[in-house]
Amino acid sequence: MKAAAAALLLGFGLACGAASPVAAQSSVRVGGPVDQPVNSQQIDRDAPPVPSQVPGKSIAETWHGIRLGEQGTVSIPNKQAGVLIQSEGEAWRAVRNGPLTEYGTWVLAGIVALLVLFFLVRGRIRIDGEKTGRTIERFNAFERGVHWLTASSFVVLAISGLNVLYGRYTLLPLIGPEPFAAITHYGKLAHNFLGFAFILGVALILVMWARHNIPSRHDLTWFLKAGGLFSKGVHPPAHKFNGGQKIIFWSTVVGGAALGFTGVQLIFPFSFATLEELQLYQLLHAAIAIIMIAIILAHIYIGSVGMEGAFDAMGDGQVELQWAREHHSLWVEEVTGEKVHHGHHHGRPAE
């Protein structure tokens, strides 16, 4: 009985399998009466021909051109859809996830290590002379407002930008996908909008301080003595901005202009540039941003814990007169008319 039942079931399965192609064929119809079955050969013969290659070219030549990013013809408004394979994207990804990320890590880690080492060796740069208890205005309210507009927007831009470059490998494993997605989303919005505040701040900084940052012969002396940063009691003469501050100023202006230009291209894709140009702009944007972050980290260090009295310049705008005599003696002479000894500290300056 078991053998007979098995044979019966096997025969039934074979019959169903033989009938299924017929049923499948009868369910597909292209034209003609409803009850007329159509086979696969008839479908291929009746359907319009689909070109598989460009006329006059072999299949190998056609696919070689597609692989190189040749532009095809499309009937939709987005002409970019005519490019099936954009080969430059592979090069962009390789550079972004390779040298750019790796060298960027070394640059940022290197500047932090140098600043820590400098603080451990040199310590905080103190005011050498006796404090006078008098102050002198270094920056007015408008100048400080522009500085903090530029500085605060840059900090947000730097953090959100670094998250885009490194967050997937550093932050995501720590906090999980949902918090990381929220942080990245709102960081992207902040990055796009605050970019315009940063551009405005850089433009105003250029207008306010360009005339004070023209290189002079005193800058050479300042650099030869390393600004007195490594030697206690050494204070080379300087105007309102010394040689180091001029480097930071022009780095901010030139770098900020480059970031603003490339950033606008990326915020409004295909409005001003092609896809290949956008990929190049993205790499330049990230590389310039990393260099600027390193420069600004050094600026933040000197302007806060690195030098006594420096933060007051952008705090309430008033600095200790002795601090100004030591670090910007030529500027003090211009503002107050007093004669200040330059170079080394010799107690109180001559009046």
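Figure 1. The model is a predicted one. The chain folds into 13 helices and four strands. Take the contacts between residues at least 6 apart in sequence: 70% of them join residues at least 24 apart. The accessible surface comes to about 21,400 Å². Carbon and sulfur atoms account for 69% of that surface.

Figure 2. Helix 8 spans residues 217-224. Which of its residues are buried? They are H218, D219 and W222. Seen down the helix axis, these buried residues fall within an arc of 105°, so they line one face of helix 8. R217, L220 and L224 lie on the other side of the helix, and they are exposed. What do the buried residues of helix 8 pack against? Their partners are helix 9 (243-267) and helix 13 (329-336). Just after helix 8 comes A226, which takes a positive phi of about 55°.

Figure 3. Side chains of opposite charge can pair when their charged atoms come close. Here the side chains of K246 and D219 meet in a salt bridge, with 2.9 Å from N to O. K246 lies in helix 9 and D219 in helix 8, so the pair ties together parts that are 27 residues apart in sequence. Are these two residues buried or exposed? K246 is buried, and D219 is buried too.

Figure 4. The protein has five salt bridges by the count used here. One of them joins E143 and K240. Their closest N and O atoms are 3.7 Å apart. K240 counts as buried because its relative accessibility is 10%. The cut-off for buried is under 20%.

Figure 5. E338 and R325 form a salt bridge. The closest N and O atoms of this pair are 2.8 Å apart. The pair links distant parts of the chain, 13 residues apart. R325 lies in helix 12 (residues 321-327). E338 lies in the loop between helix 13 and strand 4 (343-344). Both E338 and R325 are buried.

**Figure 6. A nonpolar patch on the surface.** Which residues form the nonpolar patch? They are V112, L114, V116, L117, F119, L120, V121, L297 and I300. Together they have about 840 Å² of accessible area. Two elements give two or more residues to the patch: helix 4 (88-122) and helix 10 (275-306). Helix 4 supplies the largest share, seven residues. V112 is in helix 4. At 42% relative accessibility, V112 counts as partly exposed. That class runs between the limits for buried, under 20%, and exposed, over 50%.

Definitions and conventions
Residues numbered from 1 in each chain as written. Predicted model: local features only at pLDDT ≥ 70, side-chain atom pairs only at ≥ 80, totals over all residues. Heavy atoms only, no water. Buried < 20%, exposed > 50% of the residue type's maximum accessible area, 1.4 Å probe, protein only. Arc of directions from axis to C-beta. Contact = heavy atoms within 4.5 Å. Salt bridge = Lys/Arg side-chain N within 4 Å of Asp/Glu carboxyl O. Patch = residues over 30% accessible without salt bridge, like charges linked within 9 Å, V, L, I, M, F, W, Y side chains within 5 Å. Areas by Shrake-Rupley, 256 points an atom, 1.4 Å probe, with all protein chains shown as cover.
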